Amino acid sequence: MEIAIVVLSSLLLICCIVSGSMLISLRNSLKTERNRFDNITDSIFDYKMVWSEDLSYIEFGKKLVNLLANCGLAPDKNYIKSVFGDSAMSNDGEMSLCVNALKRSGTVSEYYSSDGVSGLIHWRSVSFTEKDGKLKICSLGRDISGETISRKVDEEMRAELLGEFDNLRRAEENAQASIFSFISEGENIFVKTSPRLCGLWGFEDTDTIPLDGLYSLMKPENILEVQRDVARFLSGVSEEIYADASIKTTSGAYRNYTIQCRFNRGITDYRYLRTGLILDTTSGRFSREEAFKDRQKDLITGLYNRTGFMLEGKILLEKLQSENRSAVLVCIHVTRLRKISMLFGIEISDILSKLYAETLTRLTPNDSVIGKVGAEDYALIYQCGDKEEVEKLMKKISIVVENHCDNNTLPAVLKEQSTFLAGACFSDGSDDISSIYNKASVTLFSGSREPGKICCYFDPEVEKKVSGRDIVENEIGEALKHGELELYYQPKISIKTGQIVGAEALMRWNHRTQGLIMPNEFIHIAEEMGIISKIDEWGLLQACKQNKIWQDKGYPPVTISVNMSQAQLYQTDVVASVKNALEESGIAPQYIEVELTETMAMVDIDRTISVLNSLKELGVSISMDDFGTGYSSLSSLKILPIDLLKIDRSLVYDIETNMTARHITKAICELGKAMDLTLLAEGVENTAQRDILEELGCDIIQGFLYSKPQPAAVVERNFLIPALERAKAGERENKA
């Protein structure tokens, strides 16, 4: 028993010794960590003070005590209150001061020593809880007086630098120079210069433009060299850049500039890191000549305009004549280019213009002079004396254009609408440029080209004629007054009965000296002159009156369709015109049909639907012409209030051999039947075509198989009178 007590006592003694040693070791470790913490804070922070939440305990570091003594302040709770207290504190005593110190960690206090030294202390505070549960705050301060002075100096230097740039900006008002700097934002590079210069280049209300935008304005021969110099400068390979470039201005003329920039070391503002000047060096005779040449260029295509073509063409023509070499001048008219602009937008028209320019430039001989001499007209002059060579060139151009229109770049309908005609005149060795140009231009519109040929050629007989276009432009306005316009009618035949069910009214011009002029020779000119609406209204009224005359004679009633022009649809009150024509003629509205093309209908679909609905309310029917060649979508077609679809002749003429055309026609017929529409095929020329169309489900056919467009009297004699006789014969048979 005694032995057990001794052993237990020994164990207790050993435990006490070990525990004491551990406590001593822990105390030493805590003291070591405290010293380590103090050393770290002393190395990072300049001043320290520890205080309790009730300010009953305050401990100031030696550096802070010395600083306060030098400033005439006591290291007490009043100083703590002056640092962390403010007017926004509540009345909760020292607890609010504690909370405020933690919330305002990062606050700055000032000090003023007796020897005139002033400074700033940046304070940060943390809290910790003692064993007794009391909260204490450890506030650590860092003297930032030197940093503030440096920042103040930097701000003064920056302000001085900006002032210098302002002075330079004011100086540019008195010199052709502007501030120029490169700004990097991620992978994008921008150029910062004066708003005046940006405006001159076409960038309005800005002083910062993309670098690629500036490259696009430079002459091609300058771009690569400038890009190389700028890349070396921005990558740091070179400390400065000194480059010359010709840059296009909003007037279309190029101006010469010298760009001088350098890398400004020590500048922290990235906007002024790579800065310099851009100087306008456009001066002297050379620059004036360049600007004059630029004014002779078409801005869209880059070709010579009419003035430039005549000047440069004169130089080339005189050179060839002096060398006894033949020259040919070709005038090219792009058909319906202006109308394409109106239907598809100016962007599509510009694409086509550039296409023709690129094609002409690439395919013509190197010494050719090429110009865009009008909205729809081009011209070229080059050394050539053979018609076959000219014809080969025109054929090449035609193939390139048609292939381009076959791809997805442009609507498919442009393949038909963007073709061209050409007129050529060979120099006889004595013609000047104006004379040969006028002869080629007259030849272009003379209508003397051979079948299947793109180009026609000037000869003495052409010189005796007056240009057909001049006749139209000069006399179309008087054609109505002189009663020279006339309607022809092409019958529409039921495919099941073979009987006439309607006719299409088509315009003709019986000119007193030129004879019969077809609509494709004057309608588009009337549109350009703005008088097409009057012609349309006259044609509508005449068609209504003629149908009323036929009905009054007792012929079986037929429907007359009248073509509507785009000007009539979008620029006039077509509903009022139709209503007036119906009232004046006395014809019932169900016997009049208004016909518009698919392409025209889609220009402004909302306007088209509104107009067609109003016409339907009058009682007239609506047909859509040229279906299958336009660019309407089925979603738009389903909301158009139409009664009849006309299948275009381009799908009919080879329907016997072209399975694609047959499948498309079949799809149109099925679509029309599904929408409860009447189907009419135009351009039917033989019975085989008629039989196929009947098999596909077509209702009405129109074409030379039955009749070409004829005067009203011929249609009456060949179709209406026989129809009346058959009707009477049928009545007699029924009575018998």
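Helix H2 (residues 62-70) lies across strands E1 (47-52), E2, E3 and E4 and runs at about 100 degrees to E1. Helices (H or I, at least four residues) and strands (E, at least two) are DSSP runs, numbered from the N terminus. Contact means heavy atoms within 4.5 Å. Axes are lines fitted to C-alpha atoms, for helices over the stretch in contact, and angles run from 0 to 180 degrees between N-to-C directions.

This is a predicted model, in which local features need pLDDT of at least 70, side-chain atom pairs count only at pLDDT 80 or more, and totals for chains, interfaces and linings use all residues. Residues are numbered from 1 along each chain as its sequence is written, and side-chain values use heavy atoms, with hydrogens and water left out.

An open sheet of five strands has the order E2-E1-E5-E4-E3, with antiparallel pairing. Its edge strands, E2 (58-60) and E3 (108-112), each pair on one side only. On average, neighbouring strands of this sheet are turned by 25 degrees against each other, direction ignored. Two strands pair if DSSP finds at least two bridges between them.

| Strands | Sense | Bridges |
|---|---|---|
| E4 (residues 118-129) and E5 (residues 135-143) | antiparallel | nine bridges |
| E18 (residues 500-511) and E20 (residues 559-563) | parallel | four bridges |
| E20 and E21 (residues 592-597) | parallel | four bridges |

Strand E20 pairs with E18 and also with E21. Gly502 has Thr559 in E20 as its bridge partner, while Ser561 is bridged to Glu593 in E21.
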